Amino acid sequence: MKVFDKPHALTDAPFHYCPGCTHGIIHRLVAEAIDELQIEGKTIGVAPVGCAVMAYDYFACDMVEAAHGRAPAIATGLKRSMPENIIFTYQGDGDLASIGMAETVHAATRNENITIIFVNNAIYGMTGGQMAPTSLPGQVTQTSPYGRDINNQGFPIKVSELLSSLDGPEYIERVAVNNVKNVRNAKKAILKAFKNQVEGKGFSLIEVVSSCPTNWGMTPSNALKWLEENMIPYYPLGVYKDRSAKKED
């Protein structure tokens, strides 16, 4: 009896990600959601600059490349010109919360009917481990060798909390994929985010707290432990906005 199979919405290409990186898990969850909703044939993904820039190799649906940070703008254009299609972006924290923050905020406040998968690993992964907008206070990176100093670099940006303060967004949730329970919860959240778009409800963003063993300078197991002990307390998991839930109540 087969208990697990590769999602149809993933290609056969092997992932290029570093050992212990959780991008592969998140890719699988996105693909499973596409499979379950049977939307692969009309789904278009947008991948900007970052570790997942080659997502077009892994997702079997159509994919579009975007300039650094501009994925929400590209997704907005795609959705408005082809409203029958399902449009999602796949973005890291350096991309979404730094150069792309304006595009993210304005797409959210307009309640664009798109889905954003936001991977927060608190560092610039692809370019060598520089401090990101989400790097924790005191976190050592290539550009903060003595730790992030909030007096000089300010506080990390809490994207889910920020976007949930806007009137526009339909659904904002922060999840993680560091253990089985959290992976299952992440799957439910990602599925709901895509389902919201199918039902025309509007802007959904799922923030996935993720690890980056290579640039954190840790083993994969130690990176997951550090995530649980440091990142999750600073970035608490949970639903930050769900307008449909309020209506049902």
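Two strands are taken to pair if DSSP finds at least two bridges between them. Helices (H or I, at least four residues) and strands (E, at least two) are DSSP runs, numbered from the N terminus. The model is predicted: local features need pLDDT of at least 70, side-chain atom pairs count only at pLDDT 80 or more, and totals for chains, interfaces and linings use all residues. Residues are numbered from 1 along each chain as its sequence is written, and side-chain values use heavy atoms, with hydrogens and water left out.

Seven strands make up an open sheet with mixed pairing. Their order is β2-β1-β3-β4-β6-β5-β7. β2 and β7 (238-242) are the edge strands, and each pairs on one side only. On average, neighbouring strands of this sheet are turned by 20 degrees against each other, direction ignored. Axes are lines fitted to C-alpha atoms, for helices over the stretch in contact, and angles run from 0 to 180 degrees between N-to-C directions. β5 (residues 171-176) pairs with β7 in the antiparallel sense, over four bridges. Arginine 174 stands opposite glycine 238 of β7.

Helix α1 (residues 23-37) packs on the sheet. This helix touches β1, β3, β4 and β6 (204-209), where contact means heavy atoms within 4.5 Å. The direction of α1 makes about 170 degrees with that of β3. Helix α2 lies across β1, β2, β3 and β4. α2 runs at about 175 degrees to β3.

Burial was assigned from relative accessible area: buried is under 20%, exposed over 50%, and partly exposed in between (1.4 Å probe, protein chains only). In α2 (residues 71-81), the buried residues are Ala71, Pro72, Ala75, Thr76, Leu78 and Lys79. They pack against the strands β1 (43-47), β2 (62-65), β3 (86-92) and β4 (115-120). Helices α4 (101-109) and α7 (180-198) are also packed against by the buried residues of α2.

Asparagine 121 is placed in the loop between β4 and α5 (150-153). Its relative accessible area is 7%, so asparagine 121 is buried. Neighbours within four places in sequence left aside, asparagine 121 is in contact with Asp93, Ser210, Ser211, Cys212, Trp216 and Met231.

Salt bridges were defined as a side-chain nitrogen of Lys or Arg within 4 Å of a carboxyl oxygen of Asp or Glu. The count by this rule is 12 salt bridges. One of them joins aspartate 12 to lysine 6, with the closest N and O atoms 3.5 Å apart. Aspartate 12 is exposed, at 69% relative accessible area. Lysine 6 is partly exposed, at 38%.

Arginine 80 forms a salt bridge with glutamate 112, and their closest N and O atoms are 2.6 Å apart. Arginine 80 belongs to helix α2 and glutamate 112 to the loop between α4 and β4, so this pair ties together parts 32 residues apart in sequence. Arginine 80 is exposed at 57% relative accessibility, whereas glutamate 112 is buried at 5%.

A further salt bridge links arginine 243 and glutamate 170, with the closest N and O atoms 3.5 Å apart. Arginine 243 lies in helix α10 (residues 243-248) and glutamate 170 in the loop between α6 (159-164) and β5, so the pair ties together parts 73 residues apart in sequence. Arginine 243 is partly exposed, with a relative accessible area of 26%. Glutamate 170 is buried, at 2%. Through shared partners, salt bridges join Arg28, Glu32, Glu36 and Lys187 into one network.
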